[in-house]
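The entries below are in the order in which I made them.

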Amino acid sequence: MTQTPTRQTPARSTAHAHFAVPANHPMVTVLGSRDSLLRVIETAFPSTDIHVRGNEVSVTGEPAAVALVQRLFDQMMLVLRTGQPMTEDAVERSIAMLRSSENGDGTPNGDAPAETPAEVLTQNILSSRGRTIRPKTLNQKRYVDAIDQHTVVFGIGPAGTGKTYLAMAKAVQALQSKQVSRIILTRPAVEAGERLGFLPGTLFEKIDPYLRPLYDALHDMLDPASIPRLMAAGTIEVAPLAYMRGRSLNDAFIILDEAQNTSAEQMKMFLTRLGFGSKIVVTGDVTQVDLPNGIRSGLRQVQDILEGVEDIHFSRLTSADVVRHKLVARIVDAYEQFDERTGRDHNQR
C-alpha cells in the first residue's frame, strides 16, 4: 500500500517586541482608564499578545502586526509628549492611518502619505475657552493645509466630517493673526419644501434658522460676549448668499456653507466676489441637495469646471473622516451602498 505523504504546514513566524514607557508618562495615560486604550489596541490586533508589567510592554505575534503595534506606541508617545491626552477615538484613527501606510505584509506602501498620526493629531488650529480645535484625520489635516496654501478651497464630503467647523476655525485664526480684517459667513437660504416668503416674521427672523449653525460654531470659537460687538462693527458678517450679489469682498476670509444648495449661477456669482487679500472656502455635501428638481447643484458643476485650475483646490472627505458619533459613519456608508444597489445618483440634481 502506497502512503500519501503528509503535507507539512509551514510554521508561522513569530516576532517579539519589548519596549519601556518613559517614567514621565504615567501608564494610565498610555493604557487608558481601566485599560480602555489597551483594549482598543488588542481588539485591532487579535493576532498579537500584549503584556504589560509596570512600565514594560511586550508584544508577541505575527511580525507585521507586532511592528505595527510598536509603531503605534511610538506615535502615542509623541502625542503624549505634547501634553495632549490620547483617547479611544485617537487610538483608532492612529491605527487606521498606520495601516494605510503599509502593505498587508508590513512593508512600506510607496503610495502612503508622508504624515504620521502624531503629526495629524497634534496640529493645533485654534485654542479657545479651554479647548483646542485640531484635525482628527489625515484628510482633515490635508484640508486644513490646503486652506493655508490656496486662495480658493472646496471642502466636499458627508455630514460630520468637519468641513465647516475647521474652515471657521481657520477663519478665526486668520482674523486673530490679522491676516484678514473680517470674516464673512454665508449660506443659501434653501430648504426642501420651503421658501422664505412663506415663512413667518421679519426678514431677519426668516433667515436666522438657516444661519443658526454658523452662529453656533462661532460661539465655540470666540467669547460669546464679543460676537455682537464684532458683528456690529462689520468684522464678522453672517448673511444669506443673496446678499453677496454685486459686492467685491476684499481682505476677508469668506466661507460658503451648504454649497450643494447653490445653483450654477449662484456659484459663479459667489466665486466672482473674490477681492484682493481674500480667501474663500466652499463647503458642501453633493449627496444632500435640496434644490428643486431640474436645477443642477452648482457645487456638482463647479468640480467639472475648476478642477485643475491653479490656486484652487478640491479637498474630498469621506465617511472615514466623520468625527461625530461612530454610528454617523456607518449611516453614511449604508446610504452610499443603497444608492449603488438601486442606481440612485444624488449628484445629478
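This is a predicted model: local features need pLDDT of at least 70, side-chain atom pairs count only at pLDDT 80 or more; totals for chains, interfaces and linings use all residues.

These are my notes, from the whole chain down to single residues.

**Entry 1. Ground rules.** Residue numbers run from 1 along each chain as its sequence is written, and side-chain values use heavy atoms, with hydrogens and water left out.

**Entry 2. Whole chain.** I looked up the secondary structure and found 12 helices and 11 strands. Both are DSSP runs numbered from the N terminus: helices are H or I with at least four residues, strands are E with at least two. Of the 349 residues in the chain, 46% are buried. Buried means under 20% relative accessible area, exposed means over 50%, and partly exposed is in between (1.4 Å probe, protein chains only). The accessible surface of the chain is about 18500 Å², and carbon and sulfur atoms hold 52% of it. Areas come from the Shrake-Rupley method with a 1.4 Å probe; for residues, only the protein chains shown count as cover. For contacts (heavy atoms within 4.5 Å), I took those in the chain with a separation of 6 or more, and residues 24 or more positions apart account for 70% of them.

**Entry 3. H2 against H4.** I asked at what angle H2 and H4 pack. Helix H2 (residues 36–44) and helix H4 (residues 88–100) pack at about 30°, and their axes are 9 Å apart. Axes are lines fitted to C-alpha atoms, for helices over the stretch in contact, and angles between N-to-C directions run from 0 to 180 degrees. H2 and H4 are therefore roughly parallel. The classes are roughly parallel under 35 degrees, roughly antiparallel over 145, roughly perpendicular from 65 to 115, and oblique for the rest. The crossing of H2 and H4 is right-handed, a term for a near helix turned clockwise from the far one by less than a right angle, with anticlockwise being left-handed. On the H2 side I listed Ser36, Leu37, Val40, Ile41 and Ala44; on the H4 side, Glu88, Val91, Glu92, Ile95 and Arg99. By class, this contact has six nonpolar, one polar and three charged residues. Nonpolar covers Ala, Val, Leu, Ile, Met, Phe, Trp, Tyr, Cys and Pro, charged covers Asp, Glu, Lys and Arg, and polar covers the others, Gly among them.

**Entry 4. H6 against H7.** Helix H6 (residues 138–149) packs on H7 at about 40°, with the axes 11 Å apart. That makes H6 oblique to H7. H6 passes H7 in a right-handed crossing. H6 supplies Gln140, Tyr143, Val144, Ile147 and Asp148, which meet Lys163, Leu166, Ala167 and Lys170 of H7. I sorted the residues of this contact into five nonpolar, one polar and three charged.

**Entry 5. H10 against H11.** Helix H10 (residues 264–271) and helix H11 (residues 298–306) pack at about 60°, with an axis distance of 8 Å. H10 and H11 are therefore oblique, and their crossing is right-handed. The contact uses Ala264, Met267 and Leu271 of H10 together with Gly298, Leu299, Gln301, Val302 and Leu306 of H11. Its classes are six nonpolar, two polar and no charged residues.

**Entry 6. Positive phi.** Lys178 sits in the loop between helix H7 (163–176) and strand E7 (182–187), and is exposed at 72% relative accessible area. Glu258 is not a glycine either and has a positive phi of about 55°. Glu258 is in the loop between strand E9 (252–256) and H10, and is partly exposed at 27%.

**Entry 7. Two loop residues.** Is Thr235 buried or exposed? Thr235 is buried, at 18% relative accessible area, in the loop between helix H9 (226–232) and strand E8 (236–240). Neighbours within four places in sequence aside, Thr235 contacts Leu175, Ser181, Arg182, Ile183 and Leu230.

Leu241 lies in the loop between E8 and E9 and is buried, at 1% relative accessibility. With neighbours within four places in sequence left aside, the contacts of Leu241 include Thr186, Pro188, Leu256 and Phe270. I also took the C-alpha to C-alpha distance from Leu241 to Ala189, which is 7.2 Å for 52 residues of sequence separation.
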